[in-house]
Amino acid sequence: MYVENVQLIDLSMHSDFYGSLIAIEELQDIPFNIKRVYYIFDVGKDIRRGFHSHRNLQQALICLHGSVKILVKTPYSKDNILLTSPQKALLIGPMVWREMYDFSPDAVLLVLASDHFIPDDYICDYTVYAQEAKAYFDTQKDISI
Ligand code: T46
């Protein structure tokens, strides 16, 4: 999988006779400070959520229970990722369009976010997103040369 500003990482798990435990520390297990935590659950069949990008926010999406699919898309690439394990975190950085779908009835999607809830950080119109994202990623490419 390659999508700009997206990465699927493994989280370390401590498993023994008594069960399993995963710890997530900011700036160690994930590459940002955690200012907000929320979780999405009880999502009905055929419901699709998201349909936006963030200008600055960084997030880690972890499916704690059940399964969910995530579409991540930029003007240059896209992928659909199936999250089925609490041991995987999908890191989504700025300027990535996302949609969450095919939630299993028992799915619980935990999200760790780098900032508070800031409505102005959302881009919900895909045309506006595509324009801003092209400018953003073209600048990134210029910097990396
Ligand atoms: C994202 C994906 C993965 C709040 O009041 N505070 C919050 O921190 C959040 C995240 C949402 N809300 C309110 C805003 C809406 O009235 O909760 C309602 C549902 O939020 P939304 O429609 O944005 O939910 P999703 O599932 O489309 O998107 C959410 C996050 O908003 C978004 O940042 O990346 O999950």
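Predicted model: local features only at pLDDT ≥ 70, side-chain atom pairs only at ≥ 80, totals over all residues.
Me: Which strand is Val 37 in?
Reply: Val 37 sits in strand β4.

Me: New topic. What surrounds the ligand?
Reply: Arg 36, Tyr 38, Ile 40, Arg 49, Gly 50, His 52, His 54, Gln 59, Arg 98, Met 100, Phe 117 and Tyr 122 do.

Me: How does that shell split by class?
Reply: Five residues are nonpolar, four are polar and three are charged.

Me: What does the side chain of Arg 98 do with the ligand?
Reply: One of its N or O atoms is 2.7 Å from an oxygen atom of the ligand.

Me: What about Tyr 38 and His 52?
Reply: Tyr 38 has a polar side-chain atom 3.2 Å from a ligand oxygen. For a polar side-chain atom of His 52, the distance to a ligand oxygen is 3.4 Å.

Me: How much of the ligand's accessible area does the protein cover?
Reply: The protein covers 64%. On its own, the ligand has 640 Å² of accessible area.

Me: Which elements give two or more residues to the shell?
Reply: Those are β4 (36–41), β5 (49–54) and β10 (97–101).

Me: Which one gives the largest share?
Reply: β5 does, with four residues.

Definitions and conventions
Residues numbered from 1 in each chain as written. Heavy atoms only, no water. Near = heavy atom within 4 Å. Polar contact = N/O pair within 3.5 Å; in protein donor to acceptor, adjacent residues only side chain to side chain. Areas by Shrake-Rupley, 256 points an atom, 1.4 Å probe, with all protein chains shown as cover. Nonpolar A, V, L, I, M, F, W, Y, C, P; charged D, E, K, R; others polar.
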